[in-house]
Amino acid sequence: MPNNKVISIRLSTGWLAVVSLLGLVSVFFFCEYLIYYPVILRCAWPKLSAVRGGEVADGRSTGSTLRAMVLSDTHLLGAVGGHWFDKLRREWQMERGFQTALWLLRPEIVFILGDIFDEGKWSTPTNWEDDVRRFHRMFRHSTDTELVVLVGNHDIGFHYEMDWSKLQRFEKVFNSTSTRILTKKGINFLLVNSVALHGDGCPICQSVEKELVKLSRDLSCSLQNSPPSSSIGSDSAVEGCEGAESLPPTPPIMLQHYPLYRVSDASCTGEDAAPPEERHLLFREKYDVLSKEASQKLLQWFKPRLILSGHTHSGCEVLHDNSYPEISVPSFNWRNRNNPSFILATLSEGSHSLSKCFLPEESTVIAVYSSAGALLLLAVMAHCLCFKSVGPLLPCLSLCALIGKHKYL
């Protein structure tokens, strides 16, 4: 018949077990679900800065605005190089980050700037279907939000690896061509297959460049035909523009996977820039960034008012030719950086305003788990030390013996 002291210790041990279990469940719920809400709640849609009565600095009416969310380089792991726990951990992080952002911020359109998959360049049909299924589960969205996906080198391979079958497989899944102009609320988005801009005459490169030339003509003709900038009557066709597609007469926002040419990230700053030891590493043309030639062609053909790119996994702001701003969007995946982020863009026909929204840092989540584990360990040790003289009847003493190598008499 156990005495009252033993019964009291057993009750104390039971309460410790219950409290520890509740604490572990609470920490798990916070780290895997709840933490995304207070972090993303700090983000807000940027406001367009109007100069006078509904107009922005260039004189165009702000009109209706469009709320766009831009992320990049999700890199869903494949069957070859992806460990199951790595997949589970990082894909859950991206799913919770994306779904929480959708619920809290309600974007009208979401752009993902390529490298959706990590192994699309060599996936078998079966593995590809599995990767696509996981992508649609993670990045599910309501009909109120449009999802637009661009192609990256990991989706179809680098230039020397890509072929028509990989490109068409990607385009079929996402129901769009890889190079086109998408128009929303009078805003032109130029979507570019930057993997095919090597300029070496490959069949896909020729096809993409031909389409870009056509789109440039369509946009140029639309700009020339727009009153009051054109001296030609609005009912007259601009010379050489017969058969051109009519587009809103505004410079486009250009989106692509590869950044335009820059020497390095040496001028990049901010908490999401490349690490200091990497910023001065020289970029390789046609691998890290587009070539000088391809970059100049795009700028001359389209004169974009904003360029959004990915690929480097780090943030950067660059001004090309003192006229064309480019934002490199960091990776959305904890596997590529500790502090993933995405862009919030408020857009109109004549203006744009951007802000950056960060996800929880992986190091923060690890620190919370580590702290909780240390507190639990201390609580168990303290409990065992308090009652170590009672005897070997208590279940917790075996655990205490493992922890502290104590001998109980």
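Which residues form a disulfide with their sulfur atoms 1.8 Å apart? Cys-268 and Cys-316 do so, a disulfide being a pair of cysteine sulfur atoms within 2.5 Å. The structure is a predicted model, in which local features need pLDDT of at least 70 and side-chain atom pairs count only at pLDDT 80 or more, while totals for chains, interfaces and linings use all residues. Residues are numbered from 1 along each chain as its sequence is written, and side-chain values use heavy atoms, with hydrogens and water left out.

The link of Cys-268 and Cys-316 has -70 degrees about the S-S bond and is left-handed. This pair connects distant parts of the chain, 48 residues apart: Cys-268 is in the loop between β6 and α8 (292-302), and Cys-316 is in strand β8 (residues 316-320). Helices (H or I, at least four residues) and strands (E, at least two) are DSSP runs, numbered from the N terminus. Both Cys-268 and Cys-316 are buried; buried means under 20% relative accessible area, exposed over 50%, and partly exposed in between (1.4 Å probe, protein chains only).

Across the whole structure, the search finds 4 disulfides. One of them joins Cys-221 to Cys-241, with an S to S distance of 1.9 Å. Distant parts of the chain are again linked, with Cys-221 in helix α7 (residues 203-225) and Cys-241 in the loop between α7 and β6 (253-256), 20 residues apart. At -85 degrees about the S-S bond, the link of Cys-221 and Cys-241 is left-handed, and Cys-221 and Cys-241 are both buried. A further disulfide is formed by Cys-202 and Cys-205, whose sulfur atoms are 2.2 Å apart. The torsion about the S-S bond of Cys-202 and Cys-205 is about 85 degrees, so this disulfide is right-handed. Cys-202 is buried at 16% relative accessibility, and Cys-205 is buried at 3%.

Salt bridges were searched for as well, each being a side-chain nitrogen of Lys or Arg within 4 Å of a carboxyl oxygen of Asp or Glu. The whole structure holds 19 salt bridges. In one of them, the side chains of Arg-67 and Glu-108 meet at 3.8 Å, N to O. Arg-67 lies in strand β1 (residues 66-71) and Glu-108 in the loop between α3 (84-105) and β2 (109-112), so the pair ties together parts that are 41 residues apart in sequence. Arg-67 is partly exposed, with a relative accessible area of 29%, and Glu-108 is partly exposed at 23%.

Asp-86 and Arg-90 meet in a salt bridge at 2.4 Å, N to O. These two residues are 4 residues apart in helix α3, a separation of about one helical turn, and both Asp-86 and Arg-90 are buried. In the salt bridge of Arg-262 with Asp-265, the closest N and O atoms are 2.9 Å apart. Arg-262 is buried at 6% relative accessibility, as is Asp-265 at 4%. A network of salt bridges links Glu-91, Asp-130, Asp-131, Arg-133 and Arg-134.

A pair of aromatic rings is described by the distance of the centres and the angle of the planes. Rings of Phe, Tyr and Trp (its six-membered ring) pair if their centres lie within 6.5 Å; planes under 30 degrees apart count as stacked, over 60 as edge-to-face and the rest as tilted. The search of the whole structure gives 15 aromatic pairs. Among them, Phe-158 and Tyr-287 are stacked, at 4.8 Å centre to centre and 0 degrees between the planes. Phe-158 lies in the loop between α5 (153-156) and α6 (164-174) and Tyr-287 in the loop between β6 and α8, so the pair ties together parts that are 129 residues apart in sequence. Phe-158 is buried, with a relative accessible area of 9%, whereas Tyr-287 is partly exposed at 33%. Ring pairs also link a cluster that includes Phe-98, Phe-117, Trp-128 and Phe-135.

The charged end of Arg-169 sits over the ring of Trp-128, 4.1 Å from its centre. A charge sits over a ring if NZ of Lys or CZ of Arg is within 6 Å of the ring centre and within 35 degrees of the ring normal. The charged end of Arg-96 sits over the ring of Trp-92, 5.6 Å from its centre.
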